[in-house]
Amino acid sequence: MNPVSTNNITVAYHRKPVIQNVSFEAPEGKLIGIVGPNGAGKSTLIKSILGLVPKASGNISIYGKPYKKQRQIVGYVPQRGSVDWDFPTNALDVVLMGKYGQIGLFRRPNKKDKQEALECLAQVGMEAFANRQISQLSGGQQQRVFLARALAQNASVYFMDEPFVGVDAATEKAIIQLLTDLKSKGKTVLVVHHDLQTVKDYFDWVMLLNIRKIAFGPTEDVFTQDNLQKTYGGRLAFLDQESNGVNPLA
Amino acid sequence: MTYTMWIILTASLVSVACSIVGVLLVLRKMAMISDAISHTVLLGLVSAFLITQSLDGLAMFIGAAIAGILTAVFIQLLNSAGVQADAAIGIVFTFLFAIGVILVSMFARDVHLDVEHSIMGELAFIPWTTVDWLGIEGVPQAVWMISIVLVINIILLFVFYKEFKLSSFDPHLAAALGIPVVFLHYLLMGMTSITAVASFDAVGAILVVAMIIAPPATAYLLTEQLGKMFVYSAIIAVLSAISGYYFAAILDTNIAGMMATMTGFFFLLAFLFSPTHGVVIKKIRNRFTTYSNDEA
């Protein structure tokens, strides 16, 4: 059974499709990149899988069951810029938030949870910053705290939204190391990514997305000049709209 | 208890209850929703009065809570339909409040509901309306009401502490983990509404807004831990209430107005002199670092 499987998902915003008829089956234990131009719907795709944006149509399953039944085995790293880093809290606290789902309602994190959160911080080389106010961390350190939080979720499938954006070289290395570790434990990781230069180095599989799925498969087969042209070239979007009966000039 | 003590106690209870919801609202960047709700509860009160033909406390509470939540719902609806968030708040706030004002002046002129009172409050009259309950005699009705609301706020804060925390910091992860983000939003709106209604009869809408926004905003400048932010904010709110009372007595002026002024004064102090965020402290620190650079 596939870790992630989607069937014809469409998400629309003000009647305009943001992603359209995207179907794919993600294989287990792979690092999977999702690439495409700005506005291609990359973040929207993972948000729709996680139920964060409403779908116009389509089905999603995580290991054969709906997402709502599989929350405990799914980890999520939102874009770093999506939260307010001036929030009054420290790094360890943010990592502990990853465990709130497992801890459940009406209960507080205990010593064991805190110990585990510290270990997650250590895995990204941030244990020395556990009590540091989050606003005093650099961008790269903040990103590593987010990754440690995802580790604390102890999931089987991870979704990461642009983890490499705006990070220093040390953090980039730490993220790659972490992805490799996750893969060696049989976890599946889907990463929204926009740096085409590094796709071949980082990812086993890749999805090329521009509102529609252009291609999906092992990187060496799919990450071709031809497919990139289809994804990034302006012409295709134009023809596509015409074939839908929408005149872009109207 | 003396007359003075009752007034100070009432204002202190109000200030703590307000500061609890205030911390959450300020962190969610929704502080101005409290301004809307603290006014639109007037519509809830007068509607409850028109339906039940009495000023029964429970009906008033329910009416106000419904009006407050509807305010939040309408703001949300306008906002998601493309109206700017601040404009949405302004439209819903003034529209519902104005309807409340019209209904009061048409149907409820002779009862204990009036517009000036709802904005300014009248703390000085509080000790004279007492209710005996649970075998305790001579306690002002306002103290009972606000105590109940304060207890409700504290219980809900403790029960949902980590859920409120995560959904304020990172609503996306909260939703992905299955934390009921929407429920928490409207729970907070409900808490804001009952706090506003219990407070505003005593102290008026302006002090409610001041107590909801200023002490949490002050505490935000003084600490970097959420737990401490709640504590500092409550302390600052109570200090504002007490000092405001005595300044009002000295100057012989409106008590609630003076208390609201004090919340602004404490904010200004923190804004200038907070060890971490203070404008003046930062200037001084920069000067020192410049000197040491010169020496090096």
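**View 1. Gln70(A) is a buried residue in a predicted model.** With a relative accessibility of 10%, Gln70(A) counts as buried, because buried means under 20% relative accessible area, exposed over 50%, and partly exposed in between (1.4 Å probe, protein chains only). You can find Gln70(A) in helix α2 of chain A, residues 67-70. Helices here are DSSP runs of H or I with at least four residues, strands are runs of E with at least two, and both are numbered from the N terminus. Leaving out residues up to four places away in sequence, Gln70(A) touches Ile62(A), Tyr63(A) and Lys65(A); a contact means heavy atoms within 4.5 Å. Look for Ser156(A) too: 86 residues separate Ser156(A) from Gln70(A) in sequence, and their C-alpha atoms are 9.9 Å apart in space.

Residues are numbered from 1 along each chain as its sequence is written, while chains are lettered from A and ligands numbered from 1 in the order in which they are written. In this predicted model, local features need pLDDT of at least 70, side-chain atom pairs count only at pLDDT 80 or more, and totals for chains, interfaces and linings use all residues; side-chain values use heavy atoms, with hydrogens and water left out.

**View 2. Residues 235-250 of chain A have pLDDT under 50.** pLDDT is the predictor's confidence in each residue, from 0 to 100. Chain A averages 89, and 93% of its residues score at least 70. For residues 235-250 of chain A, the model has 9 contacts beyond four places in sequence. Where pLDDT is low, the predicted coordinates should not be read in detail.

**View 3. Thr263(B) sits in helix α11 of chain B.** This helix covers residues 255-273. Thr263(B) has 3% relative accessibility and therefore counts as buried. Beyond its neighbours within four places in sequence, Thr263(B) is in contact with Ala210(B), Met211(B), Ala214(B), Pro215(B), Thr218(B) and Ser240(B).

View 4. Buried residues make up 52% of the 296 residues in chain B. Among contacts in chain B with a separation of 6 or more, 69% join residues 24 or more positions apart. Along its principal axes, the C-alpha trace of chain B spans about 80 × 50 × 35 Å.
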